[in-house]
Amino acid sequence: MAGKPKLYYFDGRGKMESIRWLFAAAGVEFEEEFLETREQYEKLLQGGSLLFQQVPMVEIDGMKMVQTRAILSYIAAKYNLYGKDLKERALIDTYVGGTDDLMSFIMMFPFLSAEDKEKQRAVIVQKATSRYFPAYEKVLKDHGQDFLVGNNFSWADVHLLEAILMVEEKKSDVLSGFPQLQAFKARISSIPTIKKFLEPGSQRKPVPDDKYVETVRRVLRMYYDIKAN
């Protein structure tokens, strides 16, 4: 029997968090090795594990997979979270891509200066409420189904819930004008595997703190400042 997938990343969200979410949604247990030192990172590099010299990296089914989107696509397909045909897969890819665009405004938030964080917070909320959430609100309203694609739980639903919760951390009432998304959030959060992942003690990571930022900077030798979008 194959062992559990093993995730190599920092002890924090970053690009690995969506991978954790998808494994959790599929009910798949996984192990993690956290990068805490430059030496750990260089060992992976020297061992040829990081094709493009980047993490995240996931060991699964005898492979050492890199590139977040490739990893997520593989997990979604393997665990039947990728639609029933090519048309549904195309829709899932479209919605995941849109959600990724929104998440990109959030991903580097912890690495900003205090002044830039306040500016970026406003950008995140503005983008969410004027571009991305209205699109998903319309999708859900137009087809009247519980899920985004094919009325079946998919990667697109997992990804959107993750993004909603991330934006709510920046503005708690951000869904006040989106009744369809409010109902969607409640439905997806109540799915047993998701509910378990949202409970204290799961492998879901908290909001990135200064320790996480310092570790990433040290391991990756990030000597430059990130600028707001």
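This is a predicted model: local features need pLDDT of at least 70, side-chain atom pairs count only at pLDDT 80 or more; totals for chains, interfaces and linings use all residues.
Which exposed residues does the face of H9 turned away from its buried side carry? Asp210 and Lys211.

## The chain as a whole

The protein chain has nine helices and four strands. In sequence order they run β-α-β-α-β-β-α-α-α-α-α-α-α. The radius of gyration is 18 Å, close to the 17 Å that the globule rule gives for 229 residues, so the chain is as compact as a globular protein of that length. If you like to picture a box, the C-alpha atoms fill one of roughly 50 × 50 × 30 Å along the principal axes.

Of the 229 residues, 47% are buried. The chain exposes about 11900 Å², and carbon and sulfur atoms supply 52% of that area. Take the contacts between residues at least 6 apart in sequence: 68% of them join residues at least 24 apart.

UniProt, in an unreviewed entry, lists "domain: GST N-terminal" for residues 3-83. Over this span the chain is 36% helix and 20% strand, and its end C-alpha atoms are 26 Å apart.

The annotation "domain: GST C-terminal", also from an unreviewed UniProt entry, covers residues 85-209. Here the make-up is 67% helix and 0% strand, with the end C-alpha atoms 41 Å apart.

Now back to H9, which spans residues 210-220. Its buried residues are Tyr212, Val213, Thr215, Val216 and Val219. They cover an arc of only 165° around the axis, which puts them on the same side of H9. Asp210 and Lys211 are exposed on the face turned away from that buried side.

What lies over the buried residues? The cover of H9's buried residues includes strand E1 (6-9) and helix H2 (38-46). Both of these elements fall within residues 3-83, the span that UniProt lists for "domain: GST N-terminal".

## The ends of H9

At the start of H9, a side-chain oxygen of aspartate 209 reaches to within 3.2 Å of the backbone nitrogen of lysine 211. Lysine 211 is also one of the exposed residues on the face away from the buried side, while residue 209 is where the "domain: GST C-terminal" annotation ends.

At the other end, just after H9, arginine 221 takes a positive phi of about 55°.

Definitions and conventions: Residues are numbered from 1 along each chain as its sequence is written. Side-chain values use heavy atoms; hydrogens and water are left out. UniProt positions are given in the numbering used here, feature names are shortened, and annotations may be inferred rather than shown by experiment. Helices (H or I, at least four residues) and strands (E, at least two) are DSSP runs, numbered from the N terminus. Buried means under 20% relative accessible area, exposed over 50%, partly exposed in between (1.4 Å probe, protein chains only). The arc is that of the directions from the helix axis to the C-beta atoms. Contact means heavy atoms within 4.5 Å. A polar contact is a pair of N or O atoms within 3.5 Å; within protein, one must be able to donate a hydrogen and the other to accept it, and residues adjacent in sequence count only if both atoms are side-chain atoms. The radius of gyration is taken over C-alpha atoms; the globule rule is 2.2 Å times the number of residues to the power 0.38. Accessible areas come from the Shrake-Rupley method with a 1.4 Å probe; for residues, only the protein chains shown count as cover.
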